[in-house]
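Please look over the sequence and the 3D view shown here before reading the briefing that follows. The notes begin with charges placed over rings and then turn to other kinds of side-chain pairing.

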Amino acid sequence: RRMRRRPWRLALAVGISILLAGAVYVRLLAGGPVRFVPGGWLRGEVVPGPVQDWSFAREVHSVDVESRARFLPYSKGSWFMVHDDTFFLLLPSLFGDGLKLRLDEDPRVRLRLAGRIYEQIAVPHTGDGELAVLLSPFLRRQMAVELEGPVRRVSSGLRPELWVYRMENP
């Protein structure tokens with residue numbers, strides 16, 4: 001009796017192999033996150049010494065954040081803003097949970113802005129009174145939203161949160 005060939009099994013095996021190879025590449029070898037997929041070590045020129053003035057970051061549109069809280073480094077793109085020459089990292093709960101958990105374990109981070117890497121410490125920002133003042137320029141720039149009058153909560157099934165971290169020199 002002759003065995004029937006199943007070419008779909010081979011195609012499936014090749015497809016899974018390609019996906020796994022791509023995942024390993026992004027996670028370990030890509031030099032940072034690729035779009036919305038988290039990465040590993042950030043590649044770039046490390047800037048020696050502390051940063052006193054973050055005003056240059058206002059011209060940059062994206063930041064990649066690397067945490068080494070666990071066995072392998074974890075990097076992800078994130079929202080940020082600069083207010084009074086201080087750098088703030090903004091982690092919305094919808095896609096910042098993994099990074100937040102790592103920052104809770106170890107606050108040391110590496111930020112990549114325009115190909116340059118800055119070593120910093122992420123300090124949780126507290127103070128709800130200041131939060132609206134901090135977020136207004138960010139919301140205006142990123143989402144064309146203007147805050148006027150009292151901010152109201154929109155009721156939905158989701159309970160999104162926003163974690164804010166202030167960057168400090170190590």
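The charged end of Lys100 sits over the ring of Trp163, at 5.2 Å from the ring centre, where sitting over a ring asks that NZ of Lys or CZ of Arg be within 6 Å of the ring centre and within 35 degrees of the ring normal. In a second case, the charged end of Arg102 sits over the ring of Tyr74, 3.9 Å from its centre. This is a predicted model, in which local features need pLDDT of at least 70 and side-chain atom pairs count only at pLDDT 80 or more, while totals for chains, interfaces and linings use all residues. Residues are numbered from 1 along each chain as its sequence is written, and side-chain values use heavy atoms, with hydrogens and water left out.

**Helix α2 and its covering**

- Helix α2 spans residues 97-105, and its buried residues are Leu99, Lys100, Arg102 and Leu103; helices (H or I, at least four residues) and strands (E, at least two) are DSSP runs, numbered from the N terminus, and buried means under 20% relative accessible area, exposed over 50% and partly exposed in between, with a 1.4 Å probe and protein chains only.
- These residues lie on the same side of α2 because they cover an arc of only 165° around the axis, the arc being that of the directions from the helix axis to the C-beta atoms.
- An α-helix has 3.6 residues a turn, so residues three or four places apart point the same way.
- The buried residues of α2 are covered by parts of the structure that include β2 (63-67), β3, β4 (86-92), β5, β6 (116-124) and β7 (162-168).

**Salt bridges**

- Side chains of opposite charge can pair when their charged atoms come close.
- The whole structure contains 10 salt bridges, each defined as a side-chain nitrogen of Lys or Arg within 4 Å of a carboxyl oxygen of Asp or Glu.
- One of them joins the side chains of Glu45 and Arg116 at 3.4 Å, N to O, and this pair links distant parts of the chain, with Glu45 in strand β1 (residues 45-46) and Arg116 in strand β6, 71 residues apart.
- Glu45 is partly exposed at a relative accessible area of 47%, and Arg116 is partly exposed at 34%.
- Arg70 and Glu105 meet through their side chains in a salt bridge of 2.7 Å, N to O; Arg70 lies in the loop between β2 and β3 and Glu105 in helix α2, so the pair ties together parts that are 35 residues apart in sequence.
- Arg70 has a relative accessible area of 38% and is therefore partly exposed, and Glu105, with 45%, is also partly exposed.
- A salt bridge of 2.7 Å, N to O, joins the side chains of Asp106 and Arg108, of which Asp106 counts as buried at 16% relative accessibility, whereas Arg108 is exposed with a relative accessible area of 55%.

- Arg110 is found in strand β5, residues 108-113, and counts as buried because its relative accessibility is 12%.
- Leaving aside neighbours within four places in sequence, Arg110 is in contact (heavy atoms within 4.5 Å) with residues including Leu42, Asp64, Glu66, Arg68, Tyr118 and Glu119.

**Aromatic pairs**

- A pair of aromatic rings is described by the distance of the centres and the angle of the planes.
- The structure holds 5 aromatic pairs, counted when rings of Phe, Tyr and Trp (its six-membered ring) have centres within 6.5 Å, with planes under 30 degrees apart called stacked, over 60 edge-to-face and the rest tilted.
- Trp54 and Tyr118 form an edge-to-face pair, 5.4 Å centre to centre with 65° between the planes; Trp54 lies in the loop between β1 and β2 and Tyr118 in strand β6, so the pair ties together parts 64 residues apart in sequence.
- Both Trp54 and Tyr118 are buried.
- Phe80 and Phe87 are stacked, because their ring centres are 5.1 Å apart and their planes are at 5°.
- Phe80 counts as buried at 2% relative accessibility, and Phe87 is buried with a relative accessible area of 0%.
- One aromatic cluster is formed by Trp54, Phe56, Phe80, Phe87 and Tyr118.
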